[in-house]
Amino acid sequence: VGARTGRHLMVVEYAELAAWLGLHRCLLVIVPHSDDETIGCGGLLVHAASAGIECHVVVLTDGAASHPESVAWSRSARVDVRRRECETALKTLGVRQIPVFLDLPDAETLTLPASLCAATATRLAHAIERIRPDIVLTTWRREPHCDHRFAFVIANEALAVSQHKAQLVEYMVWTPITGGSDDQPRADETQYRLLDIEHVRDRKIAALRAHRSQLGQVFKDAPAGFTLTSDLIAEMTARHERYDRGS
Ligand SMILES: [Zn+2]
């Protein structure tokens, strides 16, 4: 098929991806920041939720580092905005489960006290034991953002101590856009599939647009803050979603 259509051989539809991942009933996504759930795996979540899969989401950080210079919006007010945006985005994707927010300090996860790291791994392990997911999704191990690399480490630690064992699957947010060549997966490091999101792209874009504060539409006194531009949204939703699992 690939040769005839010019389509990449690793591009698959949702049903084939779910079978390859062993996804039958339930998944857990560990998300560094509110918005990574949509950018990284929004297409998968639309398909999985509509197939009746329980989609549980844990957001690690409070998201307060995107517009730190805002005066009109206190840190706690900004954290609250980002929580609501994540909830709206997940509803837009069709996810019915309520997300959980751990509120670790945004952009500071690599310098957390060891006791807080251990407590976070334990909380995640308890969530894994309670939810019993088929797979645990987390951000790619060499994502350019420190919190995304932390998510990979803490997800591995949680799975190592959890009584319930699940396949770890990595998804990408920034690696295809701002990652260097060293950040990309090396040959034989992992196995991967590319999910075709063509039929759910509009839903993914709509969910991304629910993150209004990241579009520059909320914290208006902090114009130097992070902004998802139209060009960036187009780039983030044009391609397939890549899913890697350790080989
Ligand atoms: Zn992020």
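Biologist: Is Ala 158 buried or exposed, and what is its relative accessible area?

Modeller: The model is predicted, and in it Ala 158 lies in helix 6. A residue counts as buried under 20% relative accessible area. Ala 158 is therefore buried, with a relative accessible area of 0%.

Biologist: Which residues does Ala 158 touch, not counting residues up to four places away in sequence?

Modeller: Helix 5 meets helix 6 through residues including Cys 117 and Thr 120 of helix 5 and Phe 150 and Ile 154 of helix 6. Ala 158 of helix 6 is also part of that contact. With residues up to four places away in sequence left out, Ala 158 touches Ala 121, Leu 124, Ala 125 and Ile 128.

Biologist: At what angle do helix 5 and helix 6 pack, and which word describes helix 5 relative to helix 6?

Modeller: Helix 5 spans residues 114-131 and helix 6 spans residues 146-161, with their axes 8 Å apart. The angle between them is about 60°. That angle makes helix 5 oblique to helix 6.

Biologist: How do the residues of this contact divide into nonpolar, polar and charged?

Modeller: The crossing of the two helices, helix 5 and helix 6, is right-handed. The residues of their contact divide into 10 nonpolar, 1 polar and 2 charged.

Biologist: Which backbone oxygen does the side chain of Ser 162 reach?

Modeller: Ser 162 is placed in the loop between helix 6 and strand 6. Ser 162 is buried, with a relative accessible area of 2%, and touches Ala 125, Ile 128 and Glu 129, not counting residues up to four places away in sequence. At 2.8 Å, the side chain of Ser 162 reaches the backbone oxygen of His 164.

Technical notes:
Residues are numbered from 1 along each chain as its sequence is written. This is a predicted model: local features need pLDDT of at least 70, side-chain atom pairs count only at pLDDT 80 or more; totals for chains, interfaces and linings use all residues. Side-chain values use heavy atoms; hydrogens and water are left out. Axes are lines fitted to C-alpha atoms, for helices over the stretch in contact, and angles run from 0 to 180 degrees between N-to-C directions. Helices (H or I, at least four residues) and strands (E, at least two) are DSSP runs, numbered from the N terminus. Angles under 35 degrees count as roughly parallel, over 145 as roughly antiparallel, 65 to 115 as roughly perpendicular and the rest as oblique. A crossing is left-handed if the near helix is turned anticlockwise from the far one by less than a right angle, and right-handed if clockwise. Contact means heavy atoms within 4.5 Å. Ala, Val, Leu, Ile, Met, Phe, Trp, Tyr, Cys and Pro count as nonpolar, Asp, Glu, Lys and Arg as charged, and the others, Gly among them, as polar. Buried means under 20% relative accessible area, exposed over 50%, partly exposed in between (1.4 Å probe, protein chains only). A polar contact is a pair of N or O atoms within 3.5 Å; within protein, one must be able to donate a hydrogen and the other to accept it, and residues adjacent in sequence count only if both atoms are side-chain atoms.
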